[in-house]
Amino acid sequence: MARSKPEPMQVVKKRRDETLNALVEGIPYVQFLGITFDRRGDELTGVLNFDDKLIGNPFLPALHGGVTAAFLEVTSIITLSWWHLYPLIEAGDLTPEEVRSGDAPDFPKTIDFTVDYLRSGLPRDAYARATVSRSGRRYASVRVEAWQDNHDKLFAQATGHFLMPNVKPLKTD
């Protein structure tokens, strides 16, 4: 049996990037906060691009605690969705157009989310990376860490539990 020729890497990378952008663009609050995502393979890093409106205490100045928590939660949800949808994206069974039109599975729903504020967030860009600890058909557990200048000096971390949406099965020919 002859194998089909693999897709060119540029096509695969473009599909991954466009699908991720479609996921992120569908959340107005993410746009308001200025959160973007850097993708390297299947790993995502959330980037909270600094803006003066994100300051909670102007005397320090420090990032608002609610902004920090929202950044961590958004990073967790997008990472969990990406982790869950990645096989569909790779197989070509989920396209950016389907995500934009709302045909993609729903986002996971937060059950609980606990944030540890380790130090003040400074008035500069922040980064976060989430790790899926456990993901089943109905429930997932995620841990996320945020830093600014040095990955070893976290300013916040969180753990969350999420209710997983139903994912449509892979298309069959």
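This is a predicted model: local features need pLDDT of at least 70, side-chain atom pairs count only at pLDDT 80 or more; totals for chains, interfaces and linings use all residues.
Figure 1. Along the principal axes, the C-alpha atoms fill a box of roughly 70 × 35 × 30 Å.

Figure 2. Of the 173 residues, 43% count as buried. Among contacts with a separation of 6 or more, 66% join residues 24 or more positions apart. The protein exposes about 10100 Å². Carbon and sulfur atoms supply 51% of that area. The side chains include 21 positive and 23 negative ones. The centres of these two sets lie 4 Å apart.

**Figure 3. Helix α1 and its cover.** Helix α1 spans residues 9-25, 17 residues in total. From its first C-alpha to its last it reaches 24 Å, close to the 24 Å expected at 1.5 Å a residue. The buried residues in α1 are Val 12, Arg 15, Arg 16, Thr 19, Leu 20, Ala 22, Leu 23 and Val 24. An α-helix has 3.6 residues a turn, so residues three or four places apart point the same way. The cover over the buried residues of α1 includes helices α2 (28-33), α3 (65-91) and α4 (96-101). Strands β1 (35-40) and β2 (43-48) are also part of that cover.

**Figure 4. Ile 77 in helix α3.** Ile 77 lies in helix α3. Its relative accessibility is 15%, so Ile 77 counts as buried under the 20% cut-off. Beyond residues up to four places away in sequence, Ile 77 touches Phe 107, Pro 108, Thr 110 and Phe 162. Gly 160 is 83 residues from Ile 77 along the chain. The C-alpha atoms of Ile 77 and Gly 160 are separated by 9.3 Å.

**Figure 5. Trp 147 in strand β7.** Strand β7 covers residues 139-147, and Trp 147 lies in it. At 8% relative accessibility, Trp 147 counts as buried. Leaving aside neighbours within four places in sequence, Trp 147 is in contact with Thr 45, Ala 126, Tyr 127, Ala 128 and Arg 129, and also with Lys 153, Leu 154 and Phe 155. Gly 121 is 26 residues from Trp 147 along the chain. The C-alpha atoms of Trp 147 and Gly 121 are separated by 8.3 Å.

Definitions and conventions: Residues are numbered from 1 along each chain as its sequence is written. Side-chain values use heavy atoms; hydrogens and water are left out. Buried means under 20% relative accessible area, exposed over 50%, partly exposed in between (1.4 Å probe, protein chains only). Contact means heavy atoms within 4.5 Å. Accessible areas come from the Shrake-Rupley method with a 1.4 Å probe; for residues, only the protein chains shown count as cover. Lys and Arg count as positive and Asp and Glu as negative; His and the chain ends are not counted. The place of a charge is taken as NZ of Lys, CZ of Arg, CG of Asp or CD of Glu. Helices (H or I, at least four residues) and strands (E, at least two) are DSSP runs, numbered from the N terminus. The expected span of a helix is 1.5 Å times one less than its number of residues.
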